[in-house]
Number of protein chains: 2
Amino acid sequence: MTRKDVLVLQDLLGSNKKIAAEIRAKLGEKGIYAVNLLSSPGSGKTTLLEKLCERLRGRFRIGVIEGDIETDRDAERIRAQGVAAWQITTHGACHLEARMVGRVLADVPADLDFLFIENVGNLVCPASFDLGESERWVLLSSPEGDDKPVKYPEAFLSANSLVLTKADLLPHLSFDVDRARREALSINPRLKVFVTSALTGEGLTELEAHLVASLGSLRSGRA
Amino acid sequence: MTRKDVLVLQDLLGSNKKIAAEIRAKLGEKGIYAVNLLSSPGSGKTTLLEKLCERLRGRFRIGVIEGDIETDRDAERIRAQGVAAWQITTHGACHLEARMVGRVLADVPADLDFLFIENVGNLVCPASFDLGESERWVLLSSPEGDDKPVKYPEAFLSANSLVLTKADLLPHLSFDVDRARREALSINPRLKVFVTSALTGEGLTELEAHLVASLGSLRSGRA
């Protein structure tokens with residue numbers, strides 16, 4: 001990177017931070033708990049959201065913002081669950097930015113309980129962009145390998161929770177859950193760790209309970 | 001992106017293209033066949049290279065450039081195969097650029113046959129940066145899902161070959177090889193497609209034969 005590139009990036013991150021703070025304030029006022037989901041392509045973000053929507057939709061109002069480089073296939077999958085979804089198609093851009101989320105928020109009902117924001121599949125670039133979320137999840141699927149936290153530290157450092165996905169595939173892989181957990185915690189000791197499988201349902205009750213408790217905390221803090 | 005961001009990016013891509021052309025000319029003069037490997041994190045780039053090195057190292061001189069955001073674990077894995085490896089640690093940057101490869105080339109022996117360049121694990125950003133390679137491979141592992149070509153088209157459009165990896169996991173997944181192939185070819189009809197498993201060896205003979213034939217073509221074109 002040249003000096004000019006660094007200055008442009010600093011500008012971009014600075015203006016993103018400002019817009020993210022405005023979004024966070026607005027969501028806080030409305031009592032909406034927002035989760036920004038980050039991961040590599042194909043780690044199971046959409047499938048996890050489908051399963052969480054199934055569990056939450058009877059008792060809570062949910063909305064999902066889907067970030068993709070191309071296609072609205074993920075938004076269609078969420079809508080098939082009877083859940084409102086808004087697609088942001090970035091046409092080549094490698095991450096969501098707060099201003100993109102801000103534009104969609106005008107269409108998001110004020111009485112939502114949970115707003116999930118599925119970022120572009122990329123374990124690198126989205127980590128630098130605050131979207132005004134209440135909490136950030138980094139997903140790591142077992143086939144990706146247990147060495148990813150130390151190789152892609154920024155995503156794990158910036159997240160609040162680590163959601164290990166596709167635990168059902170563990171018997172067929174050399175993935176060491178303890179190693180992944182230990183190395184992720186060495187980067188970010190405050191990470192909550194959930195081991196999940198959307199296929200078998202493993203860990204989803206814990207993740208659901210965490211979401212419900214977090215929404216309660218957000219609203220009691222506001223009261 | 002603002003107008004200023006676009007101009008900075010155009011500058012960056014323009015100067016990258018110039019350096020990549022110089023690298024391509026140098027490698028061509030020396031008769032070195034260079035492959036740039038692109039994929040999501042954890043698609044199996046390093047494991048595929050380990051297996052190809054095992055097969056090729058008796059008959060050919062091989063070198064590997066390892067691009068990683070942090071750690072030199074991948075270079076260590078390649079060196080354990082008795083193959084020369086050079087680590088480029090980008091410390092946060094989401095892709096390799098030609099100038100990074102250019103700096104390493106000074107250390108690369110002139111009598112190599114194959115130079116493999118393992119890019120940073122990212123299915124988005126590396127696609128825009130020519131490294132002066134002879135051929136670009138995009139890897140897609142079966143657990144990532146067969147919908148990735150249409151969702152991340154740039155990587156598939158810019159590649160010469162699509163290497164489907166982890167075929168051994170197919171019995172445990174809903175991945176449809178025909179759909180992935182069909183959708184990838186709809187984006188880039190010139191893609192060669194290889195279905196492989198580093199675990200069982202499936203498809204590696206075909207990939208090896210393709211490399212050997214490509215080296216022959218490069219050298220006969222030079223003669």
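Reply: Happy to! Let's start with B:Gly121, which counts as buried because it has 30 C-beta neighbours inside 10 Å, and 20 or more are enough for that label. Please keep in mind that this is a predicted model.

Where does B:Gly121 sit along its chain? It lies in the loop between strand E4 (114–118) and strand E5 (135–141) of chain B. Leaving aside residues up to four places away in sequence, B:Gly121 touches B:Ser39, B:Ser40, B:Pro41 and B:Gly42, and also A:Leu123. For a sense of scale, B:Val35 is 86 residues away from B:Gly121 along the chain, and the C-alpha atoms of the two are separated by 15 Å.

How many residues of chain B are in contact with chain A? There are 33, and they meet 33 residues of chain A. On the chain B side, H1, helix H5 (148–151) and helix H6 (153–158) each supply at least two residues. H1(B) gives the largest share, four residues. Sorted by class, this side of chain B has 13 nonpolar, nine polar and 11 charged residues.

How are the two chains arranged? Chain B is superposed on chain A by a rotation of 180° with 0.0 Å of shift along the axis, and the RMSD is 0.0 Å. The two copies are therefore related as by a two-fold rotation axis. Both copies use the same surface, since 100% of the contact residues of chain B recur in chain A.

Now let's follow H1(B). This helix covers residues 3–30 of chain B, 28 residues in total, and reaches 41 Å from its first C-alpha to its last, close to the 40 Å expected at 1.5 Å a residue. Its buried residues include B:Asn16, B:Ala20 and B:Leu27. Strand E1 (33–38) and helix H4 (98–105) of chain B are among the elements that cover the buried residues of H1(B). After the helix comes B:Gly31, with a positive phi near 70°.

H1(B) also packs against H1(A): their axes are 11 Å apart, at an angle of about 145°. The crossing of H1(A) and H1(B) is left-handed. Which residues make this contact? From H1(A) they are A:Lys4, A:Asp5, A:Val8 and A:Leu12, and from H1(B) they are B:Lys4, B:Asp5, B:Val8 and B:Leu12. By class, that contact has four nonpolar, no polar and four charged residues.

H1(A) has a packing partner inside chain A as well. Its axis and that of helix H4 (residues 98–105) of chain A come within 8 Å and cross at roughly 35°, again in a left-handed crossing. Here A:Asn16, A:Ile19, A:Ala20, A:Ile23 and A:Lys26 of H1(A) meet A:Ala98, A:Arg99, A:Val101, A:Gly102 and A:Leu105 of H4(A). The contact of H1(A) with H4(A) has six nonpolar, two polar and two charged residues.

One last stop is helix H2 (residues 45–56) of chain A. At 1.5 Å a residue, its 12 residues should span 16 Å, and this agrees with its end C-alpha atoms, which are 16 Å apart. Which residues of H2(A) are buried? They are A:Lys45, A:Thr46, A:Leu48, A:Leu49, A:Lys51, A:Leu52 and A:Cys53.

How values were computed. Residues are numbered from 1 along each chain as its sequence is written. Chains are lettered from A and ligands numbered from 1 in the order in which they are written. This is a predicted model: local features need pLDDT of at least 70, side-chain atom pairs count only at pLDDT 80 or more; totals for chains, interfaces and linings use all residues. Axes are lines fitted to C-alpha atoms, for helices over the stretch in contact, and angles run from 0 to 180 degrees between N-to-C directions. A crossing is left-handed if the near helix is turned anticlockwise from the far one by less than a right angle, and right-handed if clockwise. Two residues are in contact if their C-beta atoms, placed from the backbone, lie within 7 Å. Ala, Val, Leu, Ile, Met, Phe, Trp, Tyr, Cys and Pro count as nonpolar, Asp, Glu, Lys and Arg as charged, and the others, Gly among them, as polar. The expected span of a helix is 1.5 Å times one less than its number of residues. A residue is buried if 20 or more other C-beta atoms lie within 10 Å of its own, exposed if 12 or fewer, and partly exposed in between; C-beta atoms are placed from the backbone. Copies are superposed by least squares on the C-alpha atoms of residues with pLDDT of at least 70 in both.
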